[in-house]
Amino acid sequence: MFAWGMMGVTAGMLRNFDWAHNRYILAGIGVAYGFLFGWIMDLWYVLVYIQPLTIKTFIAAYVASFYFDLIHGITTGVLLFFFYNSWYRIIERFKYKYGLMGVQEQLDAQGFKES
């Protein structure tokens, strides 16, 4: 949840920049946040389940989860790369439907019609 919250805050801060809507940049950010989420969960796992907790067991837990975190990050990046445009349109339509943040004018200009 922490990584998702950080990703949401980052998305909110970057939304007005044109480069932030580039699929390649979003995929890179998704990979980074996928790894970050894995590292946060690994820290929780190590602190709760690893006994005795030493630097060797700490490193071993992170090394053991590297490939899982890698796949998690890559999957996040791939999903953002391929589905960003459709997800963006869904979220914009949701904001239009519920009258959030004055987005009606923007969507009307893009051709959205209320159904």
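In which helix is aspartate 42 found? In this predicted model, aspartate 42 lies in helix α2, which covers residues 23-49.

## Helix α2

Helix α2 is built from 27 residues and spans 38 Å between its first and last C-alpha atoms, close to the 39 Å expected at 1.5 Å a residue. At the start of α2, asparagine 22 places a side-chain oxygen within 2.7 Å of the backbone nitrogen of tyrosine 24. The buried residues of the helix include Leu26, Ala27, Gly30, Tyr33 and Gly34, together with Phe35, Phe37 and Gly38, and Asp42 and Val46 belong to the buried set as well.

Aspartate 42 is buried but has no salt bridge, and the nearest side chain of opposite charge, that of lysine 56, is 20 Å away. When neighbours within four places in sequence are left aside, the residues in contact with aspartate 42 are Tyr62, Ser65 and Asp69.

Aspartate 69, which belongs to helix α4 (residues 66-97), is likewise buried and without a salt bridge, with lysine 56 as the nearest side chain of opposite charge at 22 Å. With neighbours within four places in sequence again set aside, aspartate 69 is in contact with Phe35, Gly38, Trp39 and Asp42; of these, Phe35, Gly38 and Asp42 are listed among the buried residues of α2.

Proline 52 sits in the loop between α2 and α3, the latter helix covering residues 55-64. The peptide bond leading from glutamine 51 into proline 52 is cis, with an omega near -10°.

Terms used:
Residues numbered from 1 in each chain as written. Predicted model: local features only at pLDDT ≥ 70, side-chain atom pairs only at ≥ 80, totals over all residues. Heavy atoms only, no water. Helix = DSSP H or I, 4+ residues; strand = E, 2+ residues; numbered from the N terminus. Buried < 20%, exposed > 50% of the residue type's maximum accessible area, 1.4 Å probe, protein only. Lys, Arg positive; Asp, Glu negative; His and termini not counted. Salt bridge = Lys/Arg side-chain N within 4 Å of Asp/Glu carboxyl O. Contact = heavy atoms within 4.5 Å. Expected span 1.5 Å × (residues − 1). Polar contact = N/O pair within 3.5 Å; in protein donor to acceptor, adjacent residues only side chain to side chain.
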